[in-house]
Amino acid sequence: MRWARRAFSFALTLLSVAYLYFVWRMDVGNLLEPGPGFMPAVVGSMALVASFLIFLGTLKGKAEKDGEKVPAEGMWRFAACVAAIAVFIPLFTVLGSLISIFIIVFLMNKILGAKGWVQPLVLALACSAVTYVLFVLMLDVPLPRGIL
């Protein structure tokens with residue numbers, strides 16, 4: 001089982017690297033004038049550090065020694081969340097912000113165990129609508145339109 005944890009944590013590290021690859025293609029800006037890719041770069045960097053530290057912990061066998069066992073379902077849900085976020089970045093420019101936000105919110109709800117279909121659909125629709133009202137109408141910030 002130790003090899004499975006190592007492989008899983010190594011795969012998360014690689015997924016974090018892939019996420020950062022797509023983020024750094026966006027305009028990150030700097031601390032005084034952050035670009036649209038600034039916050040995703042911060043989140044991706046934290047994910048990379050965390051996943052790498054988890055990987056190092058599996059090499060030392062720390063989780064097995066401390067008796068802290070992560071259930072397999074929890075590991076796969078975490079991996080699915082990271083994968084959904086990694087796919088979100090390229091979809092953001094292709095499909096546009098509103099469709100991408102709808103998809104990511106819906107997927108995250110289902111991955112994290114939301115029951116039924118109505119609540120995740122309503123929440124995803126509400127998040128897309130709030131994003132549109134806040135950024136486009138109130139702040140006059142142009143969002144990627146994608147295929148719209």
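Is Leu137 buried or exposed? In this predicted model, Leu137 has a relative accessible area of 55% and is therefore exposed, since the term applies to values over 50%. The residue is placed in helix α6, which covers residues 118-138. Leu137 also belongs to a nonpolar surface patch of about 810 Å².

The overall architecture is helical. The protein contains six helices and zero strands, and along the sequence the elements follow the pattern α-α-α-α-α-α. The C-alpha trace spans about 55 × 40 × 25 Å along its principal axes. Of the 148 residues, 30% count as buried. The protein exposes about 9700 Å², and 75% of this area is supplied by carbon and sulfur atoms. Contacts across the chain were also examined. Among those between residues at least 6 apart in sequence, 60% join residues at least 24 apart.

Aromatic side chains were considered next. A search of the whole structure finds five aromatic pairs. In one of them, the ring centres of Phe8 and Trp76 lie 5.4 Å apart and the ring planes meet at 75°, so the pair is edge-to-face; planes over 60 degrees apart fall in this class. The pair links distant parts of the chain, with Phe8 in helix α1 (residues 2-23) and Trp76 in helix α4 (residues 72-95), 68 residues apart. The two partners can be described separately by their accessibility. Phe8 has a relative accessibility of 11% and so counts as buried, because the limit for this class is under 20%. Trp76, at 58%, counts as exposed.

A second aromatic pair is formed by Tyr21 and Phe22. This pair is edge-to-face, with 5.4 Å from centre to centre and 70° between the planes. Tyr21 counts as exposed at 52% relative accessibility, whereas Phe22, at 30%, counts as partly exposed.

Apart from neighbours within four places in sequence, Phe8 is in contact with Met75, Trp76 and Ala79. The C-alpha atoms of Phe8 and Met75 are separated by 8.0 Å, although these residues stand 67 residues apart along the chain.

Ala41 provides another buried position. This residue is placed in helix α2, which comprises residues 38-60, and its relative accessibility is 4%, so Ala41 counts as buried. When residues up to four places away in sequence are not counted, Ala41 touches Leu20, Val23, Trp24 and Val28. The C-alpha atoms of Ala41 and Asp27 are separated by 10.0 Å, and the two residues are 14 residues apart along the chain.

An aromatic ring also takes part in an arrangement with a charged group. The charged end of Lys110 sits over the ring of Trp117, at 4.3 Å from the centre of that ring. Gly113 lies in the loop between α5 (97-111) and α6. With a relative accessible area of 26%, Gly113 is partly exposed. The C-alpha atoms of Gly113 and Pro144 are separated by 30 Å, and these residues are 31 residues apart along the chain.

Most residues other than glycine have a negative phi. At 64% relative accessibility, Asp140 counts as exposed. Val141 is likewise found in the segment after α6. Its relative accessibility is 35%, so Val141 counts as partly exposed. With neighbours within four places in sequence left aside, Val141 is in contact with Phe135 and Val136.

Conventions. Residues are numbered from 1 along each chain as its sequence is written. This is a predicted model: local features need pLDDT of at least 70, side-chain atom pairs count only at pLDDT 80 or more; totals for chains, interfaces and linings use all residues. Side-chain values use heavy atoms; hydrogens and water are left out. Patches are made of residues with over 30% relative accessible area and no salt bridge: like charges are joined within 9 Å, nonpolar side chains (Val, Leu, Ile, Met, Phe, Trp, Tyr) within 5 Å. Accessible areas come from the Shrake-Rupley method with a 1.4 Å probe; for residues, only the protein chains shown count as cover. A salt bridge is a side-chain nitrogen of Lys or Arg within 4 Å of a carboxyl oxygen of Asp or Glu. Helices (H or I, at least four residues) and strands (E, at least two) are DSSP runs, numbered from the N terminus. Buried means under 20% relative accessible area, exposed over 50%, partly exposed in between (1.4 Å probe, protein chains only). Rings of Phe, Tyr and Trp (its six-membered ring) pair if their centres lie within 6.5 Å; planes under 30 degrees apart count as stacked, over 60 as edge-to-face and the rest as tilted. A charge sits over a ring if NZ of Lys or CZ of Arg is within 6 Å of the ring centre and within 35 degrees of the ring normal. Contact means heavy atoms within 4.5 Å.
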